[in-house]
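Subject: Handover of a model, with notes on its contacts

Dear colleague,

Please find the model below, followed by my notes on what came out of it.

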Amino acid sequence: MIESEWPGADGPLAEHIERETRQRLAAYRSAPRDVAEHYAHEREVQRGGYSRRQLIELIQNAADQIAGAERPAAGGRIEVRLTADCLYCADDGDRLSQDGVTALMHARLGTKRGGPHIGRFGIGFKSILRFSDHPAIFSRGGGIQWDADEAARRIRDVVPDAEQFPVLRLAASADAAGEARRDPVLAELMQWAQNIVRLPLVNRPDDEASTVQLAHQLSSFEPEFLLFVPHVQRLDLIDEHGKISRTRAFSVARNGSAGDVLELRSAGRSSRWRMFTRQHHLSDAARADSRAPEGVREMQISWAAPLDPRTTEMRFWAYFPTSAPSLVRGILNAPWETDDSRATVLLENRCNEE
């Protein structure tokens, strides 16, 4: 059975997860005010600029996992599936590593440093707490899961007067094979995926239903994302939470002598684009005015020029669409400096000016 290829709760990452959790509890005992600070940070991510970017952040993380793997020529695959109870995001990228676990259990310790990776800081994943109290990641390298109630119990043991509790700072290893026996969707995704994020959904009393919000994110996702991730060929967005199942299937074919002519296929339609790229070497002044990771001196800017005269897109993208209009037909994509919403490009910024 395919489940035998997946490690159980005593897999390679289990010891590392337990060690990180013990160290965090010891730190809370020594510095109890960190509990409130870490809770506030998770709350800020859920309600701030990332509050409606859960799908984008999951797809971004999946694309970065694929970028980190040795890919076959055909490219990678991502599938997102929404059911009445859970949201799943699966990819066939690089397996979850110890560094990845550490980044997930901390803030601003992202492992991505330039290159083909989209994310920088590893913060966006925390936005999923808006919809789930028991998120988990199952990987052929080992699994990790979080539990809001268990985190509160364990933190209260070392900080008895704590009133609010972070979730993602404490974790446990996850048993993919055991969960697959109870979860047919997970078992199906395990047939091909390397990593699967599963979010059991909850509804907050002061918020719109989780399935409604996530269904909207699925239906409004813009497929041009695939133009800027050459390591991803296929993206399927499947909404099964209602009576009628809806699938948005996207793929991209790369043609031309340099692979710079792209055909984007979506819902039986296709559009053709010509891709131009350039590496910009950042000046010292721009690096000082940028949130670029330490050591990154170059950033790539891409222009996706539409070959279809009916295409009217004229915007700046930061791998995902921003609200900034462009005077150039097509899409200008780069890791622009944006505000906290990740949707507004900062105008008075030396890095962007260059």
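Thr 311 is buried, with a relative accessible area of 14%, where buried stands for under 20% relative accessible area, exposed for over 50% and partly exposed for anything in between, with a 1.4 Å probe and protein chains only. This is a predicted model, in which local features need pLDDT of at least 70 and side-chain atom pairs count only at pLDDT 80 or more, whereas totals for chains, interfaces and linings use all residues. Residues are numbered from 1 along each chain as its sequence is written, and side-chain values use heavy atoms, with hydrogens and water left out.

Thr 311 sits in the loop between β11 (298-306) and β12 (314-317); helices (H or I, at least four residues) and strands (E, at least two) are DSSP runs, numbered from the N terminus. Leaving aside residues up to four places away in sequence, Thr 311 touches Trp 273, Pro 306 and Arg 329, a contact being heavy atoms within 4.5 Å. The loop between β12 and β13 (321-325) holds Tyr 319, which has a positive phi of about 70° although it is not a glycine, and which counts as buried at 11% relative accessibility.

Asn 195 may be worth a look on screen. Asn 195 belongs to strand β6 (residues 195-200) and is buried, at 5% relative accessibility. Its side chain makes a polar contact of 2.8 Å with the side chain of Ser 139 and reaches the backbone nitrogen of Leu 96 at 3.2 Å. Here a polar contact is a pair of N or O atoms within 3.5 Å; within protein, one must be able to donate a hydrogen and the other to accept it, and residues adjacent in sequence count only if both atoms are side-chain atoms. With residues up to four places away in sequence not counted, the residues that Asn 195 touches include Trp 6, Gln 65, Cys 89, Asp 91 and Phe 138.

Cys 89 is buried at 2% relative accessibility, and Cys 351 is buried at 8%.

Two helices deserve a description. In helix α5 (residues 148-158), the residues Ala 148, Ala 151, Ala 152, Ile 155 and Val 158 are buried. Viewed down the axis of α5, these buried residues fall within an arc of 130°, so they line one face of the helix; the arc is that of the directions from the helix axis to the C-beta atoms. They pack against α1 (14-30) and α2 (33-47), while the face turned away from the buried side carries the exposed residues Asp 149 and Asp 157. In helix α8 (residues 210-220), the buried residues include Gln 213, Leu 214, Gln 217 and Leu 218, and the buried residues of α8 pack against α3 (54-67), β1 (76-82), β2 (86-91), β7 (232-239) and β8 (246-255).

As for the aromatic rings, those of Phe, Tyr and Trp (its six-membered ring) pair if their centres lie within 6.5 Å, and planes under 30 degrees apart count as stacked, over 60 as edge-to-face and the rest as tilted. This gives seven aromatic pairs. One of them is the tilted pair of Phe 125 and Trp 146, at 5.8 Å centre to centre and 50° between the planes. Phe 125 lies in the loop between α4 (98-104) and β3 (136-139) and Trp 146 in the loop between β4 (143-145) and α5, so the pair ties together parts that are 21 residues apart in sequence. Phe 125 is buried at 5% relative accessible area, and Trp 146 is buried at 2%. The ring centres of Phe 221 and Phe 225 are 5.9 Å apart with the planes at 70°, so that pair is edge-to-face; Phe 221, Phe 225 and Phe 320 form one aromatic cluster.

With kind regards
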